[in-house]
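Colleague: I'd like to learn how to read a model like this one. Could you walk me through it?

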Amino acid sequence: FAEFGKQWYQRRVRVFQTFQHYFKRINLSNMTGQPAPTKEQQEFIRKLQTEREKLQVLSKEYQKFITTRQQFDAQLNENELVLSEFGRLKDNAEVFKLVGPLLVKQEVPEAVSTVKKRINFIKGELERCDKNSAGSEERQ
């Protein structure tokens with residue numbers, strides 16, 4: 001996924017740089033005493049500006065998807081680590097849950113169940129993020 005995101009971002013940067021290049025050329029031609037742009041050129045400039053704005057919005061949206069996915073990946077790794085640690089517990093081990101500033105004793109099976117539910121929820125959110133980012137990619 002990271003490689004896909006990197007390639008997508010590089011393609012968008014190239015498109016954005018192309019837009020900037022055309023804007024600079026158009027602005028320089030006006031500053032060098034060239035005749036004012038024709039109506040067709042002005043329309044083209046407006047279309048370019050509109051497309052650039054759309055691209056910026058979509059890029060921000062996609063970056064948001066990437067950030068959200070990275071957060072869920074980190075949470076998933078953390079919860080899987082906790083679950084593996086539960087597997088290493090001795091039979092008479094005690095587990096405590098942090099509730100605000102307090103540590104509250106919790107039964108091991110209940111704690112394992114909670115972590116498993118959290119892992120399933122995070123996996124569902126990762127799938128949703130992937131679908132949203134794929135939809136964003138299609139719109140671009």
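Colleague: Which backbone oxygen lies 2.8 Å from a polar atom of the side chain of N79?

Modeller: A polar contact is a pair of N or O atoms within 3.5 Å; within protein, one must be able to donate a hydrogen and the other to accept it, and residues adjacent in sequence count only if both atoms are side-chain atoms. Here the oxygen belongs to Q75, at 2.8 Å from the N79 side chain. This is a predicted model, where local features need pLDDT of at least 70, side-chain atom pairs count only at pLDDT 80 or more, and totals for chains, interfaces and linings use all residues. Residues are numbered from 1 along each chain as its sequence is written, and side-chain values use heavy atoms, with hydrogens and water left out.

Colleague: Is N79 buried or exposed?

Modeller: Buried means under 20% relative accessible area, exposed over 50%, partly exposed in between (1.4 Å probe, protein chains only). N79 has 6%, so it counts as buried.

Colleague: What does N79 touch, beyond its neighbours within four places in sequence?

Modeller: Contact means heavy atoms within 4.5 Å. On that basis N79 meets V115, R118, I119 and I122.

Colleague: And where does N79 lie?

Modeller: Helices (H or I, at least four residues) and strands (E, at least two) are DSSP runs, numbered from the N terminus. N79 is in helix α2, residues 39-87. Other buried residues of α2 include F72, L76 and F86.

Colleague: How confident is the predictor, going by the chain's average pLDDT?

Modeller: pLDDT is the predictor's confidence in each residue, from 0 to 100. The chain averages 80, and 74% of the residues score at least 70.
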